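Hi,

Here's the structure I said I'd pass along.

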Amino acid sequence: MTPKPSLLSLPITELNSWFAAQKQPKFRVNQLLKWLYSPGISEFDQMTNLPKSLREALKNSFTLRTMKVAAVLGSEESPAEKFLLELEDGNRIEAVILHNAQGQHSLCASTQVGCAMKCAFCASGMDGMVRNLTSGEILEQFLFAADLLAKRGQRLSHAVIMGMGEPTANLDSLLSALAIVSSEGGLGIGARKITISTVGIPAGILRLAELDHPYHLAISLHAPNDSIRTRIMPSNRGIGMEAILRAADSYFEKTGRRVTYEYILIAGVNDSIENARELAGKLRGRNALVNLIPFNPVKELAFRTPSASQIQQFARILESNGIQIALRHRKGEKIDAACGQLRRSRGINAPTEN
Ligand code: SAH
């Protein structure tokens, strides 16, 4: 049996024709849409201003939610609460809710099952790329987080697209989902509160720069030169840092928004004094923030996290060269929160039933 289509992925034109075919007045579509994006509403029977017959017809034709929680790590008390979500086809993705000291709640969302980028330090791409998420599946991660927070009397206020997958490789679906997330009629999370992180694909960056309401941009740089970068990030081959930095410059010129560069510090790979100086040289004069992130160990990988003093030294060299930095300790470290780790530790697919 083919599963019923998800209402979250259905183009509005198709929704309108469905309502017309049901001989339903147009205002009912808007009533439905309002419910669809209301935190805490995950069943048709909660949509109390729709006639019962319409709710039954909707139930028979569509699904409202397609994912189920396969595992949870952490809790509302921890800085990061991580969810392994199982999709209708049995594939699994990760979504993390980050709770900060100011009482804000942010979602880290995935865009793909697996990842094709094959970064040497990352668990997400270890099993390769399985498929893109649909816009409905991306949106549903937001609704899942908003629903859960609503039950606690809390609100989802920010989002980072830093889960599994490369956002620029699934940009159409991501942008359709984010259009709803960021609109007043949707989840009302403003574009400025949403950060898209990319491995560094110039065409994708330029497309993000052209949006009317641009999202915040983060670029996973992780190296001071092409030789190190290509070694740990094969997607750099044939692109190169210069082209990525140029695309980021155009993003800044078009949007006026400062670009964040993420830099994972990996012992003996990209954390030396020379590496810091070379990075400072590349970024000097650019309006940039470097987010220094100590490498989060992945069981299957031989990479190591540098010592605290090595990390401090790297940070000081950037600062003394006039580069703005933020030194982050990854919030999810204790709970396998680096991308793809939970999925690998619990099985990348649903256990087969027998
Ligand atoms: N593909 C996008 C989105 C993933 S974002 C990108 O590359 O930006 C996830 C961030 O976590 C990226 O900056 C990624 O490089 C980083 N990351 C992956 N594995 C990590 C690890 N083991 N420790 C620390 N950061 C890691």
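Let's start at the ligand: one of its nitrogen atoms sits 2.9 Å from a backbone N or O atom of Asn296. Keep in mind as you read that this is a predicted model.

How much of the ligand does the protein bury? Out of the 530 Å² that the ligand exposes when taken alone, 96% is buried by the protein. Two elements each give two or more residues to the shell around the ligand, namely strand 8 (194–198) and strand 10 (259–265).

As for who's in that shell, there are 20 residues around the ligand, and the ones that come nearest are Glu166, Ser197, Ser220, His222 and Asn296. Sorted by class, you get 10 nonpolar, seven polar and three charged residues.

For Glu262, an N or O atom in the side chain is 3.2 Å from a ligand oxygen. With Val199 the backbone takes part instead: one of its N or O atoms lies 3.5 Å from an oxygen atom of the ligand.

One more residue I looked at is Arg92, which belongs to strand 3 (residues 92–99). Is Arg92 buried or exposed? Its relative accessibility is 6%, so Arg92 counts as buried, the cut-off for that being under 20%. The Arg92 side chain also has a polar contact, at 3.3 Å, with the side chain of Glu86.

That's what I have for now.

Cheers

Terms used
Residues numbered from 1 in each chain as written. Predicted model: local features only at pLDDT ≥ 70, side-chain atom pairs only at ≥ 80, totals over all residues. Heavy atoms only, no water. Near = heavy atom within 4 Å. Polar contact = N/O pair within 3.5 Å; in protein donor to acceptor, adjacent residues only side chain to side chain. Areas by Shrake-Rupley, 256 points an atom, 1.4 Å probe, with all protein chains shown as cover. Helix = DSSP H or I, 4+ residues; strand = E, 2+ residues; numbered from the N terminus. Nonpolar A, V, L, I, M, F, W, Y, C, P; charged D, E, K, R; others polar. Buried < 20%, exposed > 50% of the residue type's maximum accessible area, 1.4 Å probe, protein only.
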